[in-house]
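Hi everyone, thanks for having me. Let me bring up the structure on the screen, and then we can walk through it together.

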Amino acid sequence: MDFDLRRIKAERVAAGITQAEMAQRLGMSRSSYWKREAGTVPIDVKEFASILTAIGINRDQISIFFRT
């Protein structure tokens, strides 16, 4: 099972949240967030949970972010 970074971007865009807004919600710079969304820097579990909260995804929907 692989983590789908494209899905994070798709859900962020669908929620109408810019990278700058997401970065602010997560307490990091836009470039730091971009590196995570692009896969340059790994997303840890705590950051992933924060991203889900910021986008408005509940934990029951977590499977949409993984590919089999």
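This is a predicted model: local features need pLDDT of at least 70, side-chain atom pairs count only at pLDDT 80 or more; totals for chains, interfaces and linings use all residues.

**A walk around helix α2**

Residues are numbered from 1 along each chain as its sequence is written, and side-chain values use heavy atoms, with hydrogens and water left out.

The protein chain has four helices and two strands, and along the sequence they follow the pattern β-α-α-α-α-β.

Back to α2, which covers residues 19-26. Which of its residues are buried? They are Gln19, Met22, Ala23 and Leu26. Buried means under 20% relative accessible area, exposed means over 50%, and partly exposed is in between, using a 1.4 Å probe and protein chains only. Looking down the axis of α2, the buried residues fall within an arc of 100°, so they line one face of the helix. That arc is taken from the directions from the helix axis to the C-beta atoms. On the face turned away from the buried side, you find the exposed residues Gln24 and Arg25.

What do the buried residues of α2 pack against? Their partners are α1 (5-14), α3 (30-38) and α4 (45-55).

Now α3, where Tyr33, Arg36 and Glu37 are buried. These residues cover an arc of only 95° around the axis, which puts them on the same side of α3. The buried residues of α3 pack against α1, α2 and α4. Just after α3 there is another glycine to look at: glycine 39 takes a positive phi of about 90°.

Let's pick out some single residues. Arginine 12 is found in helix α1. Is arginine 12 buried or exposed? Arginine 12 is buried, with a relative accessible area of 6%. Leaving aside neighbours within four places in sequence, arginine 12 is in contact (heavy atoms within 4.5 Å) with Ile17, Thr18, Gln19, Met22, Tyr33, Glu37 and Ile55.

Also in helix α1 is alanine 14, but alanine 14 is exposed, with a relative accessible area of 66%. The C-alpha atoms of alanine 14 and aspartate 44 are separated by 23 Å, and the two residues are 30 residues apart along the chain.

Over in helix α4 we have leucine 52, which is buried, with a relative accessible area of 2%. Beyond its neighbours within four places in sequence, leucine 52 is in contact with Ile57, Ile62 and Phe65. Leucine 52 and isoleucine 62 are ten residues apart in sequence and 8.2 Å apart in space, C-alpha to C-alpha.

Finally, let's step back to the whole chain. Buried residues make up 32% of the 68 residues. Of the contacts with a separation of 6 or more, 59% come from residues 24 or more positions apart. Along its principal axes, the C-alpha trace spans about 30 × 25 × 20 Å.
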